[in-house]
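Please examine the model shown below alongside its sequence. The paragraphs that follow move from the annotated repeats to individual features of the backbone.

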Amino acid sequence: GGDRRRVARPADKAPVLTLHGHKKGVSVVAASRTGALVVTGGNDTDVNVWDVVGQRGLFRLRGHRDQVTAIAFLHQNDDEPLSEPFVLVSGSKDGLIKLWDMGTQSCLQTLVEHKGSVWSIAVDTREHRLFAGSDDHFLRLWRLHHRDDQDDPATDAPTPRDPVTHMPLTASYLGALKRQASTATEGEKAGRVVGILCIPPPREGEGGGMVLCHAQPSKRLEVFRVHSAEEQAKRKRRRLKRAREKRAKRGGERGDDWGEG
């Protein structure tokens with residue numbers, strides 16, 4: 001907390017670096033893969049990006065109207081462990097999630113689907129899905145469309161591209177996962193989701209992995225399975241097939257009734 005962020009080595013008794021920049025307490029912190037960049041969110045509604053190597057603040061992002069509660073980096077090259085982030089995601093008690101362009105230091109998109117405060121966010125290891133938790137009974141998710149993505153095989157929908165602004169990333173809302181409701185026996189509520197963890201599948205092509213979330217004061221750890229694009233496409237085809245069969249059956253029944261009349 002406080003109005004500063006300290007960086008220390010485990011063996012050091014004192015911090016090797018102190019970063020000043022927030023007017024109120026620091027509420028959340030995250031680092032890039034290389035550790036060269038650190039981002040902090042504060043009770044002052046600001047998101048500050050720091051250069052740890054250069055020991056200086058780089059820029060401040062403003063747009064939230066309440067405490068910043070969650071932060072995640074997105075890296076342009078998922079296969080390159082030393083790549084630096086190109087997009088920053090922030091969540092807030094104001095109920096908004098913002099996607100920030102690290103290059104232009106501007107807001108790319110604001111996600112407004114949450115009805116209450118956002119307390120946690122996570123991005124899957126392939127950076128194709130964004131998950132966010134609140135204090136309601138739902139874990140919400142979005143598909144992330146990178147500028148160079150191909151069409152979405154799960155939905156047959158074209159990936160949004162903006163030839164004018166060349167936005168590096170956009171997000172489209174996919175829906176919500178129903179979390180465990182409160183139970184009379186345990187006296188629990190759904191709780192505030194304070195942690196989300198995305199686990200990739202053990203091997204390539206074996207589904208989309210899992211998402212774990214835990215909430216306070218719940219005693220549960222909830223695990224959700226994430227379907228891969230191929231699995232989603234198969235499920236969609238099955239749904240369409242069932243819908244066609246139901247329409248054909250209803251049409252046949254109406255035809256039988258007409259014939260009897």
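In this predicted model, residues 19-52 form a span that is 56% strand and 0% helix, and the C-alpha atoms at its ends are 9 Å apart. For residues 111-144, the chain is 50% strand and 0% helix, with the end C-alpha atoms separated by 12 Å.

Gln-55 is not a glycine, yet its phi is positive, at about 55°. This residue, Gln-55, belongs to the loop that links β5 (47-51) and β6 (56-61). Is Gln-55 buried or exposed? Its relative accessibility is 51%, and because the exposed class begins over 50%, Gln-55 counts as exposed.

A positive phi also occurs at Gln-105, a residue other than glycine, where the value is near 60°. Gln-105 is placed in the loop between β9 (97-101) and β10 (106-111). With a relative accessible area of 42%, Gln-105 is classed as partly exposed, since that class lies between the buried limit of 20% and the exposed limit of 50%.

One further backbone feature concerns a proline. The peptide bond that leads from Gln-216 to Pro-217 is cis, and its omega is near 5°. Where is Pro-217 found? Pro-217 lies in the loop between β16 (210-216) and β17 (221-225).

Terms used:
Residues are numbered from 1 along each chain as its sequence is written. This is a predicted model: local features need pLDDT of at least 70, side-chain atom pairs count only at pLDDT 80 or more; totals for chains, interfaces and linings use all residues. Side-chain values use heavy atoms; hydrogens and water are left out. Helices (H or I, at least four residues) and strands (E, at least two) are DSSP runs, numbered from the N terminus. Buried means under 20% relative accessible area, exposed over 50%, partly exposed in between (1.4 Å probe, protein chains only).
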